[in-house]
Amino acid sequence: MADVILEHVNKKFGKFTAVQDADFHIKSGEFFTFLGPSGCGKTTTLRMVAGFSYPSEGRILFDQRDVTTLAPNKRDIGMVFQNYALFPHMTIGENVAFGLKIRKINKQDIKKRVARALDLVHLSGYENRKVHEISGGQQQRVALARALVIEPKILLLDEPLSNLDAKLRDDTRSEIKRLQMELGITTIYVTHDQSEAMAISDRILIMKNGIMQQIGTPYEVYAKPKNSFVGEFIGKHSIFIAYIEKIENDKIYIKLKDGTSLVGLKENAVSDIQLKPTKEVLVAIRPECVEPYLNQEINRLDTKVIHSEFTGMSANYQLDLAGDTLKATIINQGEVLKKKGESLAVHIPVKSLYFLNKEVNHEER
Amino acid sequence: MKKDNSSFSVTKLPISARPWFIYIILAPIFFILLGYVVYPLYRVFIDSFYVDGKFSLELYKRFFSLSSMTNIQATWNSLYISVLSVISCGIVGTALAFLLESYEFPGRKVLKAFAVIPMALPSLIGAISFDFLYGSTGIIPRGLKEIFGLANVPFYLKGIAGVIVVHTFTMYTYFYLPISAALRNRDSSLEEAALNLGASKGQVFRRVTLPMLTPSLIAASLLVFMISMASYTAPLIYGIDRTLTMQIVLSRTNGDLGMASTQSTILTVISVAFLIIMRLYEGKRNYASVSKGAAVHRKEVKSQFKKTLAIVASIIVVIILLLPILTIILISFSEDGTWTYQVLPPKYTITHYVELFTNAKTWRPIKNSLIMSLIATTGNVIFGVMVAYAVNRVKFKGKGIIDKLIMVPWALPGTVVGISLIAAFNVPSVFSFGKVIVATFWIIPLAYFVRHLPLIYRSTYAAFSQTDTSCEEAARGLGANWWYSFCRVVLPMVAGGIASGAILGFVQGIGEFVASILLYTPRSVPISVAIYQKMYSFNFGTACAYGVLQIVLVAILLLISEKLKGDSKISAI
């Protein structure tokens, strides 16, 4: 098991900066996820860790050892590719044995370890099958066995579930998590699916346009997004521009564009934000924090329904709030479903308002 | 690694990842392309501007001179033959494709299987068989004369008409194959959508079906035009001296290498211009269907009369397709020198076949062709794999140049390849390692190498691009070094595709005639040249026995190649 450190890593392709100043420390045994929309630099970063491309600037360390430009075959990593990259001209057994053969392990041991690895992914007895004779989910597990059999210090997973159908994805996800817990192996996982990342990770790195937006546990990035991008990407927050009216004790008083006043808690502001009266801030509200208005004294919002859908357990609304859209998920406790054009008064609990920065962009650096 | 004051440290790459390292690997590739593609063409180009060692436009003046119209007429004839060939091939190939892809009738499958037969016919044997069949003393005209008791033969093929008929027979597949593929793969829901929107069947054909086929039609037209411009064999057999290719060979035979160079330069300019147009056009070449809609339905022919008609027509077409090969087989059993005025050869023997393999003199060309073709193909495969790997898997500048240069020989007529190699290597040069190669054994393998470079490169490239690059990375990640993963993972995955391409190249070598006739030495006569010599001395039987051997070899190898291609497709999934 190893820890992985990226020190100010940059990757440029010509003039295009694919990854800018990636700088973080993955702890030994941690399940760490790179999360972001496509083109955000997460796969590029993973490939630098794997050694398939080298950083333009910066260093990568495994257990204090500089591996920045070490060839990929000397890094002792296991990697599972998005399309599995199983060797089509070999059997399942030969695929899994490949890494062991290179390590010149004797035949009996190879046989034992291949059998054990296949057992680990519930594919015992598949040694002599051809790659195209097994299903996509099974191929995925073979790829996992092939990566794990060499007992790597680090396991890299590049969107390993994206080619599976929904049901299989859930099963395989828990399978991967189980194996990782069992083996305690440092794992880096790349995905664009936020719920996948939430479910499986110890910590998540959220990236956009090659720039790190936030690192944190699933709870942190969900409940306390650092900026508007993370807020919208992770918790489906609705985000509004507001002005700070005054700051009293532990409370922040703000005004929205249309003059509606709201109160929030100071502790819900991200640490590096400037909290001064008349300053502009971003206010984030998650859909599930929006409640029906029941004569509360503060934080009443008068809205009009733009769109409503009834899912059974809840009603999902898009509400018009002075020209902006507020998303709301209201648990079905017997209220009548409001239709398009009807007005709806809602209440936001004081503890549910978050104050954020704008997302980090290239221009600001 | 030392860290400088700022927290950033610029990465120092390992040697193999430094930007210039790849160019060391690429050096031999550039050397070969430069030496055997660019340099010979450059020599021809330069030679066309020098008379007696001085720069002069004299040769071009002579070419375009109005007092002796030979060259202008030759150019005109070449263009004229090419345009007519395109029209004729286009009509036959497209009609056949529509017939076979749009209608279901008895005999369709047989006809479809035989429709590609002309591809297995080496050019020289194809042209010769047509002369045997439809020439002034051919079997069909004479047969008709006998049967109907006519005073003269009712018709016979000669001159430019003969050339065009041979071209049509040998080249209609360049239309037939892409058009039927386009028809088969077209998205029938588009036509249904047009019908649904109120278009009549005629409108659907004009506004939807035809526009979808236009790219294939244009690409095929350009291809047939190029090949017709380069055609040498058919004009040779029908005695059309005034085409550019024939003039080039005549100039060379008369020792006027300067004029041959000028003619070659002009022909090259035309051919390369067409290559460029084709490659520009290739980008928008097909409208692959986006939807995985239902397969196109063929309309069934129902009425009994039409069914009978279809059967009869199919039989006739199949006979026409098979006749050339049957003729060659028949004549291969005829005794040399006995067939004069009769419709069919009067006396038969199997001695020609026995001699092919037992008589050292007749065995020699076969051995030559096999060896020379094998040498060239081996070279092609090694070179092709190197370039295809580099272009496919490594990032470097100059990729575009390599990719374009390697395709140039594809546009070059065989005569031009021959002349350019003569121009380049009749004196010692760096690229021939200080030796004269012309008039040695090695010149023909070199010519085959150059001619078949694009073919083998293309198929090798396709094999590489169809395989998954992440497999190589997976192997590297599992601890394999570059060489191990190349040998154990990359090569096995592309082997099928490469082998199938290599076989195609080898087949071309077995049938090659045009460059060979310019370059052969008495010790390195290949099969095609031997056939031509035997024809010349009226040893029709022996010539045709060689021809049959060529056809059999080609057919077997093509089948193996198809099999390999099929297998590699399955394993890639």
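Predicted model: local features only at pLDDT ≥ 70, side-chain atom pairs only at ≥ 80, totals over all residues.

Start with the contacts between them. On one side stand 44 residues of domain 1 of chain B, and they are in contact with 40 residues of domain 2 of chain B. On the domain 1 side that touches domain 2, several helices of chain B supply at least two residues each: α1 (21-47), α2 (58-63), α17 (399-411), α18 (414-425), α22 (514-519), α23 (527-536) and α24 (540-572). Of these, α24(B) gives the most to that side of domain 1, with 11 residues. By residue type, the side of domain 1 of chain B that touches domain 2 divides into 32 nonpolar, 10 polar and 2 charged residues.

Now set this part within its chain. Chain B has 24 helices and 4 strands. Among the contacts in chain B with a separation of 6 or more, 77% are between residues 24 or more positions apart. Buried residues account for 44% of the 573 residues in chain B. The overall extent can be checked against a simple rule: a compact globule of 573 residues would have a radius of gyration near 25 Å, and chain B has 26 Å, so the two agree. Along the principal axes, the C-alpha atoms of chain B fill a box of roughly 105 × 70 × 55 Å.

In an unreviewed entry, UniProt places the feature "domain: ABC transmembrane type-1" at residues 75-278 and 366-561 of chain B. For residues 75-278 of chain B, the end C-alpha atoms lie 21 Å apart, and the span is 78% helix and 1% strand.

Chain A can be described in the same terms. Its secondary structure comes to 8 helices and 20 strands. For chain A, UniProt places the feature "domain: ABC transporter", again from an unreviewed entry, at residues 4-234. That span of chain A is 37% helix and 26% strand, with its end C-alpha atoms 25 Å apart. Of the 365 residues in chain A, 44% count as buried. The C-alpha atoms of chain A fill a box of roughly 75 × 45 × 35 Å along the principal axes.

Terms used. Residues numbered from 1 in each chain as written. Chains lettered and ligands numbered in written order. UniProt positions renumbered as here; feature names shortened; annotations may be inferred. Contact = placed C-beta atoms within 7 Å. Nonpolar A, V, L, I, M, F, W, Y, C, P; charged D, E, K, R; others polar. Rg over C-alpha atoms; globule rule 2.2 N^0.38 Å. Buried ≥ 20, exposed ≤ 12 C-beta atoms within 10 Å, placed from the backbone.
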